[in-house]
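Reader: Could you walk me through this model, strand by strand? I'd like the cut-offs along the way.

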Amino acid sequence: KNDGSDAIVELSGDKLPLSGGTLTGNLSLGDNVKATFNSNLNIFSTGTSSYIEEVGTGDLYLKASNLYITDRENNQFISMIDNGSGGTVALKHLGSTKLATTSSGIEVGYDQDISMGSTGTGQIQIDGAGYKAAIALDTDAMNIYTTSASRDVVLGVNEAEILRVEPTGIDVTGTISSAAIEITSTLDDKL
């Protein structure tokens with residue numbers, strides 16, 4: 001406490017000294033009272049919501065070997081597991097992992113639906129090795145295509161090719177079964 005003179009009066013009893021100390025009880029702050037650190041970091045509650053905010057020009061880092069964002073009942077929304085090298089980030093719904101990062105990209109949880117917006121067109125694009133492909137939904141049909149004229153679209157079962165769509169037509173491996181089939185040809189030779 002400053003008594004008005006230039007000298008600082010020492011506090012006694014159960015007070016923390018200005019040079020630091022150990023707080024062994026709770027620190028209670030009222031609504032909208034901020035715990036401010038170096039004028040850059042604020043921690044406060046409005047009475048209805050709580051905030052940790054970086055108000056300077058720097059970044060806000062949360063550091064832990066494993067980091068979880070949970071609800072009040074400890075149900076995980078996001079988990080970040082380090083595994084010693086940055087690890088895996090998992091997004092969860094009702095405790096079940098829906099999307100997780102891997103060393104090679106992302107993994108969508110097994111037996112999960114991927115939903116697109118219900119209005120307008122939806123499209124999933126795949127970029128790789130300089131080529132692009134897409135699965136698109138429009139008002140007329142579901143489309144599976146490649147954006148390269150030199151790349152084929154292959155459909156298969158159990159990783160075995162059944163049908164290949166080439167820029168010049170289709171190539172079928174195996175038997176075509178049909179109740180009725182009509183073949184139209186512009187060639188002079190009969191099929």
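**Hairpin, sheets and surface**

Author: Let's start with the turn: S7 and S8 are linked by a hairpin of two residues. This is a predicted model, where local features need pLDDT of at least 70, side-chain atom pairs count only at pLDDT 80 or more, and totals for chains, interfaces and linings use all residues. Residues are numbered from 1 along each chain as its sequence is written, and side-chain values use heavy atoms, with hydrogens and water left out.

Reader: How many strands does the protein chain have?

Author: Strands here are DSSP runs of E with at least two residues, helices are runs of H or I with at least four, and numbering goes from the N terminus. Along the sequence the pattern is β-β-β-β-β-β-β-β-β-β-β-β-β-β. With zero helices, the chain has a strand count of 14.

Reader: Why is one side of S12 and of S14 left without a neighbour in the sheet?

Author: The open sheet runs S12-S13-S14 with antiparallel pairing. S12 (153-157) and S14 (169-172) stand at its edges, so one side of each lacks a neighbour because each has a single partner strand.

Reader: Over how many bridges do S12 and S13 pair?

Author: Val 154 sits opposite Arg 164 in S13. S13 spans residues 160-166, and its antiparallel pairing with S12 has a bridge count of five.

Reader: What percentage of the residues count as buried?

Author: Buried means under 20% relative accessible area, exposed over 50%, and partly exposed in between, with a 1.4 Å probe and protein chains only. Out of 191 residues in the protein chain, the buried share is 6%.

Reader: And what share of the accessible surface belongs to carbon and sulfur atoms?

Author: Areas come from the Shrake-Rupley method with a 1.4 Å probe; for residues, only the protein chains shown count as cover. The chain's accessible surface is about 16400 Å², and the carbon and sulfur share is 51%.

Conventions:
Two strands pair if DSSP finds at least two bridges between them.
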